[in-house]
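Thanks for coming. Please look at the model on the screen while I go through its charged pairs and one part of its surface.

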Amino acid sequence: MTLGEDEYFLMGDNRPISMDSRDTGPYKKSAILAKDFLVLYPFENFGYYEK
């Protein structure tokens, strides 16, 4: 899949009913309502964050 400039590929969580961009197509940034709070990688940034 080739993404446009303002498109994102979202991954599911591997549950049997999980869907991701392979099923629904790419998402625009304006459609994503998420906030990161735990960074796992890169390891030097590992930790919880509150904004």
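Which residue forms a salt bridge with D13? The partner is R15, and the closest N and O atoms are 2.9 Å apart. A salt bridge here is a side-chain nitrogen of Lys or Arg within 4 Å of a carboxyl oxygen of Asp or Glu.

Before going on, the ground rules. This is a predicted model, where local features need pLDDT of at least 70 and side-chain atom pairs count only at pLDDT 80 or more, while totals for chains, interfaces and linings use all residues. Residues are numbered from 1 along each chain as its sequence is written, and side-chain values use heavy atoms, with hydrogens and water left out.

The count of salt bridges is two.

Next, accessibility. Buried means under 20% relative accessible area, exposed means over 50%, and partly exposed is in between (1.4 Å probe, protein chains only). D13 is partly exposed at 45%, and R15 is exposed at 53%. In the other pair, D20 is buried at 5%, whereas R22 is exposed at 64%.

Now the surface. F37, L38, L40, Y41, F43, F46 and Y48 make a nonpolar patch of about 910 Å². Patch residues have over 30% relative accessible area and no salt bridge; like charges are joined within 9 Å, and nonpolar side chains (Val, Leu, Ile, Met, Phe, Trp, Tyr) within 5 Å. Areas come from the Shrake-Rupley method with a 1.4 Å probe, and for residues only the protein chains shown count as cover.

Take F46, one of the patch residues. F46 is exposed, at 54% relative accessibility.
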